[in-house]
Amino acid sequence: MKYVKLIPTILLAFLFLFGGINFFFEFVPTPPMSGNQAVFFNLMVPTGFMRIVKILEIVGAVLLLIPSKRALSLLILSPIALNIFLLELFILGGLGAGPLLIILIGIIAYQEFDKFKALL
């Protein structure tokens, strides 16, 4: 049972680590963009904003794999996941991995609830 609880953590860490590293090395090509999504990314990428977000994704994914730092990782990754979800919903016009990220973060936050009690 102990290992079953690690599945959401490992999956979430993989998704964020893959997305972060792929931004810098692009081993999976980015599909062509048009319309609102092209405008959005043309504003974000040249300013360096996306570079900071991707670095935070990598750091958050690594921290997620360290059990004592899991709550800190969720504090870093939760706003990023929410922004991914909202970007998919309002700019891209369809849902992708955003809902999955939100669900996985919810599961891990529930598992780490004792660490968040002081915030409530």
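Mentor: Let's start with Glu57 and Lys54, which are about one helical turn from each other because they sit three residues apart in helix H3 (residues 49-64). Helices (H or I, at least four residues) and strands (E, at least two) are DSSP runs, numbered from the N terminus. This is a predicted model, so local features need pLDDT of at least 70 and side-chain atom pairs count only at pLDDT 80 or more, while totals for chains, interfaces and linings use all residues. Residues are numbered from 1 along each chain as its sequence is written, and side-chain values use heavy atoms, leaving out hydrogens and water.

Trainee: What makes Glu57 and Lys54 a salt bridge?

Mentor: The term asks for a side-chain nitrogen of Lys or Arg within 4 Å of a carboxyl oxygen of Asp or Glu. For Glu57 and Lys54 the closest N and O atoms are 3.5 Å apart, and the pair qualifies. The whole structure holds four salt bridges.

Trainee: How do you know that Arg70 and Glu112 form one too?

Mentor: Their closest N and O atoms are 3.8 Å apart, which passes the cut-off. This pair links distant parts of the chain: Arg70 belongs to helix H4 (residues 70-92), and Glu112, 42 residues away, to the loop between helix H5 (98-111) and helix H6 (113-116).

Trainee: Why is Arg70 called buried?

Mentor: Buried means under 20% relative accessible area, exposed over 50%, and partly exposed in between (1.4 Å probe, protein chains only). Arg70 has 9% relative accessibility, so it counts as buried. Glu112 has 11% and therefore gets the label as well.

Trainee: Which labels do Asp114 and Lys117 get?

Mentor: Their side chains meet in a salt bridge, 3.4 Å from N to O. Asp114 is exposed, because its relative accessible area is 61%; Lys117 has 49%, so it is partly exposed. Elsewhere, salt bridges that share partners join Arg70, Glu112 and Lys115 into one network.

Trainee: What does the side chain of Ser73 reach?

Mentor: It reaches the backbone oxygen of Gly60 at 2.6 Å. A polar contact is a pair of N or O atoms within 3.5 Å; within protein, one must be able to donate a hydrogen and the other to accept it, and residues adjacent in sequence count only if both atoms are side-chain atoms. Ser73 lies in helix H4 and is buried, because its relative accessibility is 0%.

Trainee: How many aromatic pairs are there in the whole structure?

Mentor: There are four. One of them joins Phe14 and Phe18, with 5.9 Å centre to centre and 25° between the planes, and it is stacked. Rings of Phe, Tyr and Trp (its six-membered ring) pair if their centres lie within 6.5 Å; planes under 30 degrees apart count as stacked, over 60 as edge-to-face and the rest as tilted. Phe14 and Phe18 both lie in helix H1, four residues apart, about one turn of the helix.

Trainee: What makes Phe40 and Phe41 edge-to-face?

Mentor: Their planes are at 90° and their centres 5.4 Å apart, which meets both cut-offs. Phe40 is partly exposed, because its relative accessible area is 25%, whereas Phe41 has 18% and so is buried.
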